[in-house]
Amino acid sequence: MRLLRWLLVPIVVLPLAWLLLSGFGRDPREVASPLIGGPAPAWTLTTLDGETLSSADFAGRPYVVNFWASWCGPCVDEHPVLTGTRAELGDDLAMVGVLYQDATADADAFLTRYGDTGYSHVTDPDGRLAIDYGVTGPPETFFVDAAGIVRDRQFGPLTRALMEERLASIGVTP
Amino acid sequence: MRAAGLGGLIALIAIGVVLAVSEADGATPAERTGALAAELRCPDCQGLSVADSQTTAARAIRRQIDEMVASGASDDEVRAHFTARYGDWILLAPSSPLVWLIPFAAVLAGLLALAAWLVRHPARPGVAPAPLTDEQRRRLHEEAEALDA
Amino acid sequence: MVPTLGHVAVVVGLGLTVYAAVAFVIAGRGGDPRVAGSAGRAVIGSFFMAAVACVAMVASLLAHDFSVRYVAENNATTTPPFVGAISLWAALEGSILFWTLLATGWASLVLWRHRGRHRSLMPWVGATLATINAFFFAVMTWPGNPFVRMTPVASEGTGPNALLQNHPFMALHPPLLYLGYTGLAVPFAFGVAALVTNRLDEEWLRIVRRWTLVPWVFLTLGITAGAWWSYEVLGWGGYWGWDPVENAALLPWLTATAFVHSAMVAERRGGLRIWTGALVIATFTLTLVGTFLTRSGVVASVHSFTQSAIGPWFLGGIVVALAGALGLLVWRLPGLVGGGRPSGLLSRETAFLFNNVLFLGITFAVLFGTLLPLLVATSSGQTISVGAPWYNAVTVPIFAALLFLMGVGPALPWGRASWVTVRERFTSPMLAAVAVGTAALLLGLREVIPLATLCLAAFVAVILLDEVVRGARARARGRGEGPATATWRLATRNRRRYGGYAVHLGVLVMAVAVAISSGLSIDRTVTLLPGESAAIGPYELTHQELVVEPLADDARVIETRAEVRFAGPQSGTLATALRDYPSSPTAIATPAVRTSLGEDLYVTLLASDATSGAVTLHLFVNPLVAWIWIGGAIVGLGSVFSIWPERRARTVTVEDRQAAAVASVEGA
């Protein structure tokens with residue numbers, strides 16, 4: 001009975017240590033997306049070339065929505081992954097880029113510098129689509145299946161491995 | 001004097017409660033937008049509210065709140081609109097009532113525990129000098145005054 | 001060469017502190033003063049090593065030595081020397097180095113100050129401090145080496161974080177704060193030593209009092225300076241956002257303040273040993289937890305760094321320190337129980353104990369709020385926020401109760417009080433509160449929190465004033481002194497009490513200033529072409545011109561500046577700017593703040609149009625903000641007054657004794 005008081009030490013220390021430890025390996029800025037499992041937001045926006053593109057154009061096909069900006073460092077890192085995926089899969093996978101708080105001229109300069117991705121990019125002048133998708137900062141990429149349901153989301157830059165993993169959720173294998 | 005003081009205090013507290021309650025309802029659309037904006041978190045800031053932040057995203061959200069309030073949405077509908085998109089994270093104050101209760105429960109528990117500890121056993125006798133009785137106090141006053149003369 | 005010297009100094013410092021820790025333990029157990037002396041010299045040596053390392057780092061920064069990774073990441077050829085020097089604490093590794101300098105400084109100071117005295121206690125104090133410092137040297141030797149080299153050597157560095165270049169407070173806030181954090185290891189070390197030697201008693205409390213109050217002052221000033229700095233720099237018009245880094249500084253401050261109060265009860269009545277011991281352990285642990293939270297990248301903060309190997313090391317340190325100290329407390333627990341109950345329920349002791357519960361309540365709430373997002377994310381994968389609305393709603397009522405207690409405490413005597421005397425003491429303060437509240441209502445104040453704070457403040461202020469006046473009057477009568485002399489003489493002979501009153505006055509001023517400035521500030525956003533004006537509150541502002549040019553000190557930074565003329569209670573010109581730093585993707589706002597005692601005019605530049613010269617400005621009028629900083633200064637001065645050693649004992653006349661006796665009877 002006297003020794004019961006020693007339990008105080010693990011009772012205090014262990015939960016605290018466990019909690020603080022659990023934070024490692026996790027990005028504290030990552031916000032869980034409530035869109036997963038639900039219908040992807042609908043939109044009609046203008047591309048960098050001045051044409052109109054809408055989410056209805058992707059009906060019946062799986063597609064990827066990538067939010068990016070020319071001022072975003074990690075976007076440079078994931079650019080080759082996106083371009084490579086597009087090159088590999090071609091029309092098997094629809095992809096669209098959405099400009100996040102950026103100017104058309106800067107976006108064009110980015111694409112000229114780092115290479116064209118092979119798919120269209122739309123501007124989001126009011127930030128409405130970013131709000132609808134609950135984007136907290138670029139890069140964020142959403143994976144929508146053929147039924148129009150959001151199946152997965154990548155917070156932060158994509159790598160080859162992450163791209164394959166996320167694509168699997170919408171039934172696309174590279 | 002004391003009764004007046006106590007009465008005044010109660011009156012003030014009553015006025016305070018009335019003020020607090022009257023602040024809550026009957027707000028103008030601008031006030032509602034401001035209040036809602038203060039509840040929502042700016043998506044690309046560190047903990048600032050949409051009301052305090054001047055980033056593009058914050059301004060876009062404020063515009064949307066404005067539109068929704070103008071078109072007759074209720075406060076709950078506005079909140080639901082944004083939590084459907086960002087999750088509960090967009091609310092600066094957690095929605096779960098438990099989160100609000102826990103700290104107050106902890107304080108209450110602490111106060112009760114202290115009260116119980118104070119009341120349970122009488123103090124160790126003879127540790128401190130016994131405090132002056134009123135009679136002794138009066139005598140001390142008188143003698144101190146007398147020394148002034 | 002210089003960086004290598006710095007690195008060598010760190011490694012030598014590690015060796016010295018490990019040696020000191022071992023030697024102190026041997027001295028503690030065996031009692032050989034020569035071993036203790038040698039260990040003490042090793043601690044002082046470790047301070048010199050930390051100093052050498054700091055000098056080496058500052059020299060590398062000033063010389064723009066980009067072979068050192070820390071310099072390459074935090075310095076550029078265009079960085080001004082002043083900014084370069086203070087970049088010592090700008091980022092993670094450098095800040096740990098700076099921390100170690102201060103920590104070894106405190107250790108050296110403590111050991112030197114008590115050399116030759118408390119021979120059974122000091123070796124264990126030294127062992128604890130040396131172990132803590134050895135930990136920091138170890139972190140700098142392995143996961144967090146500030147002198148790590150980079151090849152190939154870049155020709156230009158990234159430059160310091162833009163937010164850190166904007167304001168001279170960058171030189172003030174971290175040193176003050178770190179002096180507080182590192183200093184709080186000292187009472188902890190004394191606590192550990194007292195537990196080891198089984199001498200947790202009034203003697204320990206007496207020694208620890210100053211060693212807690214001095215770092216407490218630094219922590220208070222550091223927190224206030226941090227709030228002031230973020231107000232002047234960040235541009236959102238506020239000074240406290242309940243960000244994890246702010247909470248990290250507040251948590252140990254709360255438990256340290258609780259300790260200062262319950263230590264007073266324990267000194268007078270004995271007992272409360274477990275409670276005061278636990279508070280000292282909690283305070284130090286919270287400094288480590290706070291440092292961990294902001295350095296490990298585990299929670300998101302304005303201040304957080306990316307996750308690195310340093311995080312796990314810090315977690316290990318926390319576990320060892322907490323488990324070790326708690327284990328000691330539990331080991332000695334049977335001998336520590338008992339005593340400390342106040343003799344009367346209505347007494348100053350009881351008020352202090354209730355204030356402890358409230359302080360700990362706020363500590364729990366703030367810690368809970370800071371860690372809850374992490375807990376929820378870990379257990380359910382959901383993401384939630386705990387932000388200012390929650391913290392304010394939860395802590396403000398508790399702070400209000402504390403404010404009330406701050407008035408009640410001095411009005412109650414030590415020991416048992418009778419209801420009759422107590423009721424008398426509270427009549428005028430209550431009337432004052434009612435009067436002030438009524439006046440405020442009549443003047444048009446309708447916000448609840450400022451109103452309530454003003455009433456509470458009046459209540460507390462009258463009690464404080466009453467205390468001082470009673471004592472001074474009794475002394476003046478007894479000695480025939482004028483009121484000012486009587487007050488001064490009384491204060492300097494009762495520094496603890498009157499210093500405490502001054503600190504409470506400072507807290508009161510800050511409370512009122514915070515309540516009024518957050519409740520009654522007004523703001524608006526306007527877009528003005530050159531020549532156009534806008535009004536806010538009592539001010540009228542006229543936009544004059546938009547200037548875009550590189551900074552004089554650092555040509556890589558382009559400043560977009562709005563020159564504005566303003567008129568009102570203050571008049572003149574101000575310039576508010578957005579600065580484009582090469583290291584930052586977004587422009588950094590440099591708000592313009594014009595401070596007067598009545599209010600601050602605060603202007604931020606949101607956007608500009610170079611072609612038309614139009615600017616979008618966010619204007620604020622924040623009442624009474626200056627009084628927050630003034631209140632902080634009063635708290636600092638009051639604490640210094642309280643800690644200042646009183647003059648040696650001198651002959652005490654009968655009149656002095658009598659005046660003191662009357663004062664303590666009438667009001668103590």
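In chain C of this predicted model, strand β8 (residues 599-609) and strand β9 (residues 614-623) run antiparallel and are joined by 10 bridges. One of the bridge pairs involves C:Asp609, whose partner in β9(C) is C:Ala614. Both strands belong to an open sheet of four strands in chain C, ordered β1-β9-β8-β7 with antiparallel pairing. Because β1 (522-528) and β7 (592-595) of chain C stand at the edges and each have a single partner strand, one side of each is left without a neighbour in the sheet. From one strand to the next, the twist averages 15 degrees.

Chain C also contains a helix pair that can be followed in some detail. The axes of helix α7 (residues 173-183) and helix α9 (residues 202-234) of chain C come within 7 Å and cross at roughly 150 degrees, and α7(C) passes α9(C) in a left-handed crossing. On the α7(C) side the contact is made by C:His173, C:Leu176, C:Leu177, C:Leu179, C:Gly180 and C:Gly183, while the residues they meet in α9(C) include C:Trp216, C:Phe218, C:Leu219, C:Gly222, C:Ala225 and C:Trp229. Sorted by class, the residues of this contact of α7(C) with α9(C) comprise 11 nonpolar, five polar and no charged.

Turning to the neighbouring chain, 49 residues of chain B are in contact with 58 residues of chain C. On the side of chain B that touches chain C, at least two residues each are supplied by α1 (2-24), α2 (29-39), α5 (97-120) and α6 (134-148) of chain B. That side of chain B has 29 nonpolar, 11 polar and nine charged residues.

Note on methods:
Residues numbered from 1 in each chain as written. Chains lettered and ligands numbered in written order. Predicted model: local features only at pLDDT ≥ 70, side-chain atom pairs only at ≥ 80, totals over all residues. Axes fitted to C-alpha atoms, helices over the stretch in contact; angles between N-to-C directions. Left-handed = near helix turned anticlockwise from the far one by under 90°. Contact = placed C-beta atoms within 7 Å. Nonpolar A, V, L, I, M, F, W, Y, C, P; charged D, E, K, R; others polar. Pairing = 2+ DSSP bridges.
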